[in-house]
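Hello,

Here is the structure we spoke about.

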Amino acid sequence: MKERLVLIGNGMAGVRTLEELLKLEPDKYEITVFGSEPHPNYNRILLSPVLAGEKKFDEIVLNKREWYQQHDITLHAGSPVVEINRVKRKVLAADGTEAAYDRLLLATGSSPFIIPVPGANLEGVISFRDIHDVEQMLAASRQYKRAVVIGGGLLGLEAANGLIKQGMEVSVVHLMETLMERQLDAAAGAMLKRSLEENGMHFLMGAQTDAILGEERVTGVRFKDGSEVKADLVVMAVGIRPNIELAKQAGLYCERGVVVNDTMQTYDPRIYALGECVQHRDTCYGLVAPLFEQAKVCANHLAELGYGRYEGSVTSTKLKVTGIELFSAGDFHGDEQTEEIVFQDQAGGTYKKLVIKDNRISGAVLYGNTVDGAWYFQLMREGTDISDMRESLLFGEAAHLGSSGHGGQSKASAMGDEAQVCDCNGVCKGDIVKAITSEGLFTVDDVKAHTKAGASCGSCIGLVEQILANTLGGDYSAPEAKPICACTDFTHDQVRSTIREYELIDKQAVFDKMDWRTPDGCHVCRPAINYYLISAWPGKAQDDAQSRFVNERVHGNIQKDGTFSVIPRILGGRTTPDELRAIADAADKFNVGEVNLTGGQRINMLGVKKEDLPAMWAFLTERGMLSGHAYGKALRTVKTCVGSTWCRFGTQDSTGLGIKLEEMTWASWMPHKFKMAVSGCPRNCAEATIKDFGVVCVDSGYELHIGGNGGVKVRATDVLCRVTTEEEVMEHCAAFIQLYREEARYLERTAPWIERVGLSDIKKRIVEDVRGRKALYARFLESQEVAQHDPWTARAKGAEAHEFTPIKQIGE
Amino acid sequence: MSAVLSEKWVEIGNLDEIPKLGSRVVRTASDEIAIFRAADDRVFALSNRCPHKQGPLSEGILHGHRVTCPLHNWVIELENGQAVAPDVGCAKSYPVRLEGEMILLAI
Ligand SMILES: Cc1cc2nc3c(=O)[nH]c(=O)nc-3n(C[C@H](O)[C@H](O)[C@H](O)COP(=O)(O)OP(=O)(O)OC[C@H]3O[C@@H](n4cnc5c(N)ncnc54)[C@H](O)[C@@H]3O)c2cc1C
Ligand code: SF4
Ligand code: FES
């Protein structure tokens with residue numbers, strides 16, 4: 001017989017856990033759900049837009065009744081549980097329904113706090129928690145004129161905004177002098193207040209409610225100082241209290257919330273709890289992002305997979321009032337050990353404050369322009385050392401990394417519904433908003449899967465994050481410890497360190513050791529694991545062709561019509577008439593569709609049929625040419641200028657040095673593609689300052705540059721150091737590449753890698769630590785001994801022949 | 001045309017001519033068919049054209065009984081050619097079976 005799982009609380013946290021569980025173990029449990037509300041699970045966050053008349057209830061339902069049916073879940077909606085019997089292991093609902101359990105899940109959420117003043121129970125005094133409250137407010141707004149909202153926090157302001165939209169006159173009463181004081185400092189709070197006043201909201205600050213006035217229905221509010229305001233509707237939004245009565249009555253240990261451990265278990269190991277009703281490591285949360293992380297862990301344990309721990313969340317907030325841009329995260333007040341970086345433009349209505357502790361962001365408040373909220377939040381969660389970007393930090397990510405492709409569009413809220421967000425896949429803002437609300441999406445990955453926005457080049461991810469935040473009111477992007485893919489909960493870094501620690505040398509060993517959920521991984525994890533294996537154990541780990549993307553397996557770039565391109569290596573961009581003749585003859589002989597000059601100083605032959613590849617490579621390699629690896633996560637090109645040999649400005653032999661660098665590094669596999677350049681003088685004709693590794697020759701030697709990128713996000717290099725001899729250039733170059741090969745995550749270019757770990761760390765390891773550098777250099781050369789073989793020559797001689805021919809030809 | 005009358009089973013090659021988790025194609029007068037070999041040695045046959053934009057599925061990465069298209073990462077069920085949600089579409093599937101080590105395809 002199946003085990004029985006009972007869920008109390010048909011809300012966001014509980015149902016999300018069921019969804020996660022069904023993904024892992026669809027048939028393990030017979031599931032019963034009790035919910036106080038007479039509705040299926042809906043998106044509570046979106047009650048604010050329902051109140052503002054921007055959405056209908058139907059549009060915010062996350063799981064329709066059919067969903068419960070499809071998964072054989074018994075739903076008792078409108079049926080609150082009144083008792084848990086832990087001895088008999090069953091629960092009893094108010095209407096007499098009983099259900100026995102093997103495991104119980106508590107997700108009862110929280111209740112609005114009602115200030116205990118006279119009149120608090122009068123007709124017309126409402127809280128703001130569920131759809132019933134919203135319906136009552138909407139009904140009141142049709143009959144009455146004056147509303148008072150008690151509480152100037154997130155919820156109160158969203159309620160007030162909605163009621164104004166419904167045509168009421170609204171005053172917000174707040175005990176403190178600053179609005180949203182838990183999210184904002186005084187300066188940002190004041191700016192917010194001013195813009196809300198412009199929208200017609202009135203404020204009574206520092207006002208303490210003494211009584212609600214009225215006989216049957218509310219007529220007004222009186223304050224401690226004796227003053228009064230008239231009101232036909234009072235909304236109390238002064239805070240929430242976790243719903244713990246049921247748990248307490250069952251004898252489960254509770255403090256402010258139901259106390260749970262890192263696996264979301266209460267003191268009774270059969271009973272799990274999560275969501276707003278719990279207290280974890282002394283914290284109670286009031287936002288959905290932490291609930292989702294909890295749901296994953298909880299589902300994992302219910303499925304008896306037994307790994308995954310919840311270790312608490314860092315949260316961020318946005319206010320969902322149309323036209324107001326506000327973002328807050330972390331500890332934004334600061335103390336003696338912190339410093340602040342502040343930008344304030346009263347007239348322009350922008351304010352930015354970053355709180356810095358030990359060179360790391362510990363909190364942020366943004367007002368007016370929140371484009372960079374997601375970026376700061378990421379830097380904060382990842383604990384990135386920001387000392388190298390201090391000066392430009394406040395100007396945001398765009399100042400730090402130039403962006404191409406969306407015409408400088410950076411403010412999602414200012415975009416119309418038809419404005420295109422993802423230029424690669426042609427997805428408009430309206431499509432994304434619609435998918436978020438109608439499909440119930442919460443993360444960038446969900447949006448990618450459903451709309452394809454951000455699924456190609458990824459440059460619009462920032463905009464997608466903002467649209468998510470604007471629509472849902474928070475940052476739901478996955479937390480820092482992001483698993484490689486859905487096959488596991490382990491991160492890139494964990495997989496890699498396990499491979500080293502346990503000396504795993506093939507993918508099966510990794511899958512076994514780390515309990516992979518799928519028998520042979522997927523297209524995301526397999527290439528990553530293959531790379532980690534071959535880079536950790538050169539010569540020992542076998543390169544697995546079936547874990548490589550087609551381009552690397554076939555050693556050519558697949559084109560959209562299924563043909564391939566062939567790009568021979570031209571070392572340092574210097575070629576000869578013989579090489580050019582060989583290329584021209586190959587192009588004739590194999591009928592290539594088009595011949596192109598590439599940006600990396602090479603020649604690209606396009607439109608080659610797969611079967612022709614080995615013969616074409618044989619033709620080229622017989623004439624002394626090598627594979628250009630233009631298809632791989634590998635060393636691509638070394639671009640050079642003519643340098644001191646010909647140019648009147650040249651200070652060193654840049655072409656010669658470029659050739660030496662390419663001879664040393666060709667055919668090395670990397671986490672992502674890697675480009676180099678050598679310019680003969682600071683005029684920089686070879687564009688060395690947008691390469692992964694660049695050399696700018698100067699009179700006294702060589703200036704070494706790292707971390708540049710000329711792609712979607714343009715980033716100029718950082719200077720690593722200056723050296724005086726070519727030998728030193730080679731050693732620094734190889735050491736830098738090896739550090740990147742050993743420590744960057746698969747598919748992470750050098751630019752984001754350096755952003756993540758900080759330039760100073762890299763300087764320390766390459767420039768200051770001489771022994772470390774020499775060791776890296778030696779390891780690079782060692783791995784090159786294994787890697788530096790021309791794949792084209794091997795295949796021209798018949799290796800992997802099955803790759804290139806049909807298994808059978810039928811007919812013709 | 002005679003092919004319409006009945007499908008006929010054709011021997012197309014030995015199992016070990018396709019690497020595990022790999023694929024090779026059979027070319028016919030009317031179609032190019034991708035033959036896949038899963039890790040458990042089951043074989044599948046689909047038209048070698050992704051329902052999205054005709055990407056060659058035989059060049060994709062195989063995992064479980066699915067293949068990821070090399071062009072834009074749609075995931076296709078090998079059993080029936082259906083795209084995995086949220087994507088929608090279907091690649092034509094062909095009956096295929098093993099007789100000992102010999103792969104037989106019905107066309
Ligand atoms: C208007 C509004 C706006 C919000 N905006 C945001 C936002 O922008 N960003 C953000 O991150 N968060 C926001 N939140 C908070 C977010 O909605 C909550 O954090 C989240 O819904 C909590 O999920 P939960 O499952 O713990 O509780 P809930 O979603 O409240 O679910 C608990 C359910 O359990 C039911 N229940 C309680 N007791 C029993 C019982 N004994 N028997 C049966 N059922 C019971 C309740 O009726 C309820 O349906 C907002 C909340 C509100 C009200
Ligand atoms: S970078 Fe300097 S040396 Fe090289 S071509 Fe330009 S001007 Fe001449
Ligand atoms: S062609 Fe297959 S995913 Fe686009």
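**Notes on the model**

E742(A) is buried, with a relative accessible area of 13%. Please bear in mind that this value, like the others here, comes from a predicted model. The residue E742(A) sits in helix α22 of chain A, which covers residues 726-743. P671(A) is 71 residues from E742(A) along the chain, yet the C-alpha atoms of the two are separated by 8.7 Å.

Two other positions in chain A

V234(A) belongs to strand β16 of chain A. With a relative accessible area of 0%, V234(A) is buried, because the cut-off for that word is under 20%. Beyond four places in sequence, the residues that V234(A) touches are G124(A), V125(A), I126(A), V148(A), I150(A), I212(A), V218(A) and V221(A). A147(A) is 87 residues from V234(A) in sequence, and their C-alpha atoms are 5.9 Å apart in space.

G286(A) lies in a loop of chain A, between β20 (278-280) and α8 (288-302). Its relative accessible area is 44%, so G286(A) counts as partly exposed. If neighbours within four places in sequence are set aside, G286(A) is in contact with I240(A) and E276(A). From G286(A) to S110(A) the distance is 8.7 Å, C-alpha to C-alpha, for a separation of 176 residues in sequence.

Helices of chain A

Helix α4(A) runs over residues 131-143, which is 13 residues. At 1.5 Å a residue, α4(A) should therefore span 18 Å, and the 19 Å between its end C-alpha atoms agrees with that. The buried residues in α4(A) are I131(A), D133(A), V134(A), M137(A), L138(A), A140(A) and S141(A). What do these buried residues of α4(A) pack against? Their partners in chain A are α2 (47-51), β9 (125-127), α5 (154-165) and β16 (233-236).

On the α13(A) side the contact is made by V444(A), V447(A) and K448(A), and on the α14(A) side by I461(A), V464(A), E465(A) and L468(A). By type, the residues of this contact are 5 nonpolar, no polar and 2 charged.

Chain B has 10 strands and 0 helices, and along the sequence its pattern is β-β-β-β-β-β-β-β-β-β. It has 107 residues, of which 49% count as buried. Among the contacts in chain B with a separation of 6 or more, 40% are between residues 24 or more positions apart.

How much area do chain B and chain A bury between them? The figure is about 2,600 Å², with 58% of it on carbon and sulfur atoms. Chain B gives 35 residues to the contact and chain A gives 33 residues. Of the area that chain B buries against chain A, R27(B), E59(B) and I61(B) supply 28%, more than any other three residues.

Regards

Key: Residues numbered from 1 in each chain as written. Chains lettered and ligands numbered in written order. Predicted model: local features only at pLDDT ≥ 70, side-chain atom pairs only at ≥ 80, totals over all residues. Heavy atoms only, no water. Helix = DSSP H or I, 4+ residues; strand = E, 2+ residues; numbered from the N terminus. Expected span 1.5 Å × (residues − 1). Buried < 20%, exposed > 50% of the residue type's maximum accessible area, 1.4 Å probe, protein only. Contact = heavy atoms within 4.5 Å. Nonpolar A, V, L, I, M, F, W, Y, C, P; charged D, E, K, R; others polar. Buried area = accessible area lost by both parts, 1.4 Å probe.
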